[in-house]
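Hi,

Here is the model I promised to pass on.

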Amino acid sequence: MFKTIIKDNYDQISSEAFRIMKEVVKEKERPVLGLATGSSPVGMYKKMIADHNSNGTSYKHCVTFNLDEYVGLPKSHDQSYYTFMHENLFDGLDIPEENIHIPSGDADDEKQACVDYENALKQYVVDIQLLGIGSDGHIAFNEPGTPFDAETHLVKLEEQTRIDNARFFDDDIDEVPTQAITQGLASIMRARKIVLIATGKKKAQAVRDMIKGEKTTDCPASILQDHPDVTVILDKDAASLL
Ligand code: F6R
């Protein structure tokens, strides 16, 4: 079931997402936070760090699981999601490193890394899962066509995705990874609560398809229609086709 909240700007969107996140962090004895990379959650991450610095809100008791990671990049690579999460969130908070889980993109056996990640995730229930959405309706690296029952798995990156991301790799397509490890749609659906942030006209069709369209693997996010607790926080552009 979707609760849709429409805000005037990105700062208000980030504040609303932060408010929901903080409630979970305060209420639960051992909160399990499902985290995302990409631009959508960055404003909220800034608010978590600011609140930690000025109000002393602690995250020591939290466990985190990220959605995805590129295959073949060392953790230290400036484009790894490991680096992204440390730069944008973890370095500013007090979560113990051993409580942080990000798929191992640099494992020798990627398939085994997927199984290990899913098993680790299954030891917990994610209390709040943050999501962004792609303009094609993807969530995490689950592109159109991904079966709804998929768990953590290896994906081949679409040529278009690699071309789009080349700008982060000195405009050199050969430097862009060809594969990623991602939580599957079934893994994501186990979370108790989901908060999805989307902004801009480019996301409007995907947001519409997710909420009002048919439930189909053509729009991976449409699986969220079956989830009991999804809050979608949008700006007016992203909500313009609802
Ligand atoms: C990030 C992720 C992706 C993004 C999506 C939207 O971990 O899994 O699915 O959430 O591509 O990206 P942004 O927020 O950059 O528009």
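Let me start with where two of the helices touch (helices, H or I, at least four residues, are DSSP runs numbered from the N terminus). Tyr10, Asp11, Ser14, Ser15, Ala17, Phe18, Met21 and Lys22 of α1 are in contact with Val42, Gly43, Met44, Lys47, Met48, Asp51 and Asn55 of α2, contact being heavy atoms within 4.5 Å. By type, the residues of this contact split into 7 nonpolar, 4 polar and 4 charged (Ala, Val, Leu, Ile, Met, Phe, Trp, Tyr, Cys and Pro count as nonpolar, Asp, Glu, Lys and Arg as charged, the others, Gly among them, as polar).

Bear in mind that this is a predicted model: local features need pLDDT of at least 70 and side-chain atom pairs pLDDT 80 or more, while totals for chains, interfaces and linings use all residues. Residues are numbered from 1 along each chain as its sequence is written, and side-chain values use heavy atoms, with hydrogens and water left out.

As for geometry, the axes of α1 (residues 10-27) and α2 (residues 42-55) come within 8 Å and cross at roughly 60 degrees. That makes α1 oblique to α2. (Axes are lines fitted to C-alpha atoms, for helices over the stretch in contact, with angles from 0 to 180 degrees between N-to-C directions; under 35 degrees is roughly parallel, over 145 roughly antiparallel, 65 to 115 roughly perpendicular and the rest oblique.)

Lys22, in α1, touches Asp51, Asn55 and Thr57, leaving aside residues up to four places away in sequence. Lys22 and Thr57 sit 35 residues apart in sequence, with 8.7 Å from C-alpha to C-alpha.

On its other contact, α2 packs with α3 (residues 81-88) at about 45 degrees, the axes being 10 Å apart. Those two helices are therefore oblique as well. Here Val42, Tyr45 and Ile49 of α2 meet Phe84, Met85 and Asn88 of α3, a set with 5 nonpolar, 1 polar and no charged residues.

Now the ligand: 13 residues surround it, and the closest are Ser40, Asp68, His138, Ala140 and Lys203 (a heavy atom within 4 Å). Ligand oxygen atoms lie 2.8 Å from a side-chain N or O atom of Thr37, 2.7 Å from one of His138 and 2.7 Å from a polar side-chain atom of Lys203.

Cheers

Key: Polar contact = N/O pair within 3.5 Å; in protein donor to acceptor, adjacent residues only side chain to side chain.
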